[in-house]
Amino acid sequence: MARRSTPLLRRLLAPSPSLPTPLADAVSRRTVTYMPRPGDGAPRGVTLIPGDGIGPLVTGAVRQVMEAMHAPVYFETYEVHGDMPTVPAEVIESIRRNKVCLKGGLATPVGGGVSSLNVQLRKELDLYAALVNCFNLPGLPTRHDNVDIVVIRENSEGEYSGLEHEVVPGVVESLKVTPNLYGNLVANVAAGIAGGTGVMPGGNVGQDHAIFEQGASAGNVGNEKIVEKKRANPVALLLSSAMMLRHLQFPSFADRLETAVKRVIAEGKYRTKDLGGTSTTQEVIDAVIAKLG
């Protein structure tokens with residue numbers, strides 16, 4: 001697949017800031033970043049799509065943390081839901097203007113030939129690369145240690161490209177290009193090995209635009225029980241937001257956010273159910289804010 005030549009990934013791995021012992025060795029992990037856009041340090045607009053299910057919970061968590069550390073970003077929020085026939089034009093215009101979007105999960109209707117809005121966004125904005133960073137978080141027990149994998153998969157062709165048509169009612173035929181689907185499987189397996197999809201950051205990037213969201217199983221919107229009890233895990237989207245801040249050339253804010261999240265995980269006191277704890281989303285966020293310094 002031919003693509004425009006661009007230094008899309010200027011650098012993939014950057015060192016975390018130094019930390020006081022005893023957590024210094026524990027959280028001195030590499031972090032994902034890539035080509036930043038030129039900027040003068042002025043506040044940047046970010047299109048925000050809370051999405052469905054747990055989306056409003058975890059995007060709301062990000063907003064709280066951004067406000068607490070006075071990050072130089074402001075959000076343009078739009079209500080978009082997976083059962084809409086298409087992404088509203090004003091949302092696309094906002095992303096084109098800001099060039100950056102933060103997104104919660106959008107539910108994908110099953111059957112009936114309904115197109116996924118996640119796919120529509122990728123195609124409309126030519127977000128041809130999906131980037132997922134799967135790594136061990138110190139303090140979070142996993143079967144395998146020293147996992148640090150960056151998965152970059154083709155994002156606009158194959159099973160998730162929307163190249164399907166309904167042959168007869170209820171029977172859909174898809175044009176298949178394997179790197180997309182298989183890349184997604186690799187990312188999900190790597191996330192499972194490293195600690196779970198709830199803690200893996202990621203984004204979809206193209207020549208001019210980027211959408212940051214949960215890295216693995218990005219379409220996950222949780223279930224009603226999690227939403228009702230407000231126990232969604234915000235870690236993946238918080239770390240994705242750190243990626244976004246680096247993308248916007250605000251590395252010091254990205255480092256503060258990422259370090260605070262890692263410290264909370266390392267201490268182990270506040271964790272949601274998927275990480276073996278009983279904390280609510282708000283309890284995790286309060287703990288992260290307390291660690292911002």
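Hi everyone, thanks for coming. Please keep in mind that we are looking at a predicted model.

Let's start with the salt bridges. How many does the structure hold? There are seven. One of them joins Glu 76 and Arg 97, with N and O 2.7 Å apart. That pair links distant parts of the chain, since Glu 76 sits in strand β4 (residues 73–77) and Arg 97 in helix α3, 21 residues apart. Glu 76 counts as buried because its relative accessibility is 18%, and buried means under 20%.

Helix α3 also takes part in another pair through Arg 96. Here the partner is Glu 124, and the closest N and O atoms are 3.2 Å apart. Glu 124 belongs to helix α4 (residues 117–124), so this bridge ties together parts that are 28 residues apart in sequence. Both ends are partly exposed: Glu 124 has 43% relative accessibility, and Arg 96 has 35%.

Now over to helix α8. Glu 258 and Lys 262 both lie in this helix, four residues apart, about one turn. Their side chains meet in a salt bridge at 3.9 Å, N to O. Are these two buried or exposed? Glu 258 is buried at 6% relative accessibility, and Lys 262 is buried as well, at 1%.

You will find Arg 271 in the loop between α8 (251–267) and α9 (281–290). Arg 271 is buried but has no salt bridge, and Asp 274, the nearest side chain of opposite charge, is 9.5 Å away. What does the side chain of Arg 271 reach at 2.5 Å? That would be the backbone oxygen of Gly 139.

Last stop, the backbone. Most residues other than glycine have a negative phi. Lys 99, however, has a positive phi near 70°, and sits in the loop between α3 (89–98) and β5 (100–103). Gln 249 also has a positive phi, near 65°, and its place is in the loop between α7 (235–247) and α8. Both are partly exposed, Lys 99 with a relative accessible area of 36% and Gln 249 at 33%.

That's my tour, and I'm happy to take questions!

Key. Residues numbered from 1 in each chain as written. Predicted model: local features only at pLDDT ≥ 70, side-chain atom pairs only at ≥ 80, totals over all residues. Heavy atoms only, no water. Helix = DSSP H or I, 4+ residues; strand = E, 2+ residues; numbered from the N terminus. Buried < 20%, exposed > 50% of the residue type's maximum accessible area, 1.4 Å probe, protein only. Lys, Arg positive; Asp, Glu negative; His and termini not counted. Salt bridge = Lys/Arg side-chain N within 4 Å of Asp/Glu carboxyl O. Polar contact = N/O pair within 3.5 Å; in protein donor to acceptor, adjacent residues only side chain to side chain.
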